[in-house]
Amino acid sequence: MITSHWILGPGAIGRLLAHSLSPIGAVTLIGRRALAEPQWLTTPEGERRVQRLNALTVDQLASADLPTPGFVHITTKAMAAEAALESIADYLPPTTPLVLWQNGYWAQPRITQAWPGPVLCATTTEGAYLTEGDEVVHAGRGHTFIGDLHHQHRSLTEALVQTLSTTGLTATAVNDIRARLWQKLAVNAAVNPLVALHGVRNGELRGAQYSGRVASVITEVAMILQAESIQSPNAGQGDAAWRALVWQVVDNTAGNKASMLQDVEAQRPTERGAILGPLIESAKHHGLPCEVLQALDAELAALEASYLSPH
């Protein structure tokens, strides 16, 4: 039996998933606006491919008569995930498995608690972005880890991992998805706000102008993650292990334009609440200092206000 996948949020990762899954399953891409047909994908090797993706707006779902989805992948920004789910919830049995692809650690615990069916969480290093011409570029192959926060859905997770692996995406089922989400959050907090504020690519954080501030973010984040019982990466210890991980990611993605910088350039709201919010909240809960993180959050809020506030 062919599994049906709904993908809610036709951004870069949503469209990459749709292009990947369409050849092997029934895929419906759902967004707020209609998408052009056909849809183009550029592979990491530079090959351009075209597919006619089944794309609907939320308003068209009522009359679409679609089969019940085996999985609903929510690929919106973190701050939009709950509202996006609410917009289609009337068309879903409450037992439908959800897969959350958000950055940060904001939507995942909230939706896991609220949704009666299984909720899986994914964290991925697949690189993808949309061009001005509305095409998706698969900029770099990565690795996707999938699990659930309460270790209740291993067989479902393994089934999804098997499906993704069939499409050529590299995926692994894990029992420590909460730790992996926090780990990615730590890296995002050290990289995304600074590149967004200064309009630079990831690799430029190595420069003397920024590297000290990166280090001060890592110092605060390492203390917070220790309080959250998140082990240091790569079997290391404390600040040094987190510094090594962040600089490794910076080097590996040196030419990348981080998603938060893309949001600023497009004058969209950023994911500062999903990335910095959980860390600041945790620091306050544990009585830890977070002045560096709060300063970044305030600077980003001011930057957003400069283009989002009505003039």
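Good morning. I begin with a right-handed β-α-β unit, which is made by strand S11, helix H4 and strand S12. Please bear in mind that the model is predicted.

Let me take the parts of this unit in turn. S11 covers residues 144-147, H4 covers residues 154-166, and S12 covers residues 171-173. S11 and S12 run parallel and are joined by 3 bridges; within this pairing, phenylalanine 145 has threonine 172 in S12 as its bridge partner. S11 also pairs with strand S8, residues 119-124, here in the antiparallel sense and over 4 bridges. In that pairing, alanine 122 stands opposite isoleucine 146 in S11.

These strands belong to an open sheet of 8 strands, with mixed pairing, in the order S5-S2-S1-S6-S7-S8-S11-S12. Which strands stand at the edges? They are S5, residues 54-57, and S12; each has a single partner strand, so one side of each lacks a neighbour in the sheet. On average, neighbouring strands of the sheet are turned by 25° against each other, direction ignored.

I turn now to the nonpolar cores. The largest has 45 residues, of which Leu205, Leu279 and Leu293 touch the most other members. Helices H5, H6, H7, H8, H9 and H10 are the elements that give two or more residues to this core, and H5, residues 177-198, supplies the largest share, 12 residues. Beyond its neighbours within four places in sequence, leucine 205 is in contact with residues including Ala190, Val191, Leu194, Trp247 and Val250. Apart from this core lies another, of 20 residues, among them Ala18, Leu164, Ala171 and Ala173.

Finally, consider asparagine 103, in the loop between strand S7 and helix H3. Is asparagine 103 buried or exposed? Its relative accessibility is 16%, below the 20% cut-off, and it therefore counts as buried. Its side chain makes polar contacts with the side chains of lysine 184, at 3.2 Å, and glutamate 271, at 3.4 Å. Leaving aside neighbours within four places in sequence, the contacts of asparagine 103 also include Ala78, Gln108, Asn188, Ser259 and Ala274.

Thank you; I welcome discussion.

How values were computed: Residues are numbered from 1 along each chain as its sequence is written. This is a predicted model: local features need pLDDT of at least 70, side-chain atom pairs count only at pLDDT 80 or more; totals for chains, interfaces and linings use all residues. Side-chain values use heavy atoms; hydrogens and water are left out. Two strands pair if DSSP finds at least two bridges between them. A crossover is right-handed if, with the strands pointing away from the viewer, the path from the first strand over the helix to the second runs clockwise. A nonpolar core is a set of buried Ala, Val, Leu, Ile, Met, Phe, Trp, Tyr and Cys residues joined through side-chain atoms within 4.5 Å. Buried means under 20% relative accessible area, exposed over 50%, partly exposed in between (1.4 Å probe, protein chains only). Contact means heavy atoms within 4.5 Å. A polar contact is a pair of N or O atoms within 3.5 Å; within protein, one must be able to donate a hydrogen and the other to accept it, and residues adjacent in sequence count only if both atoms are side-chain atoms. Axes are lines fitted to C-alpha atoms, for helices over the stretch in contact, and angles run from 0 to 180 degrees between N-to-C directions.
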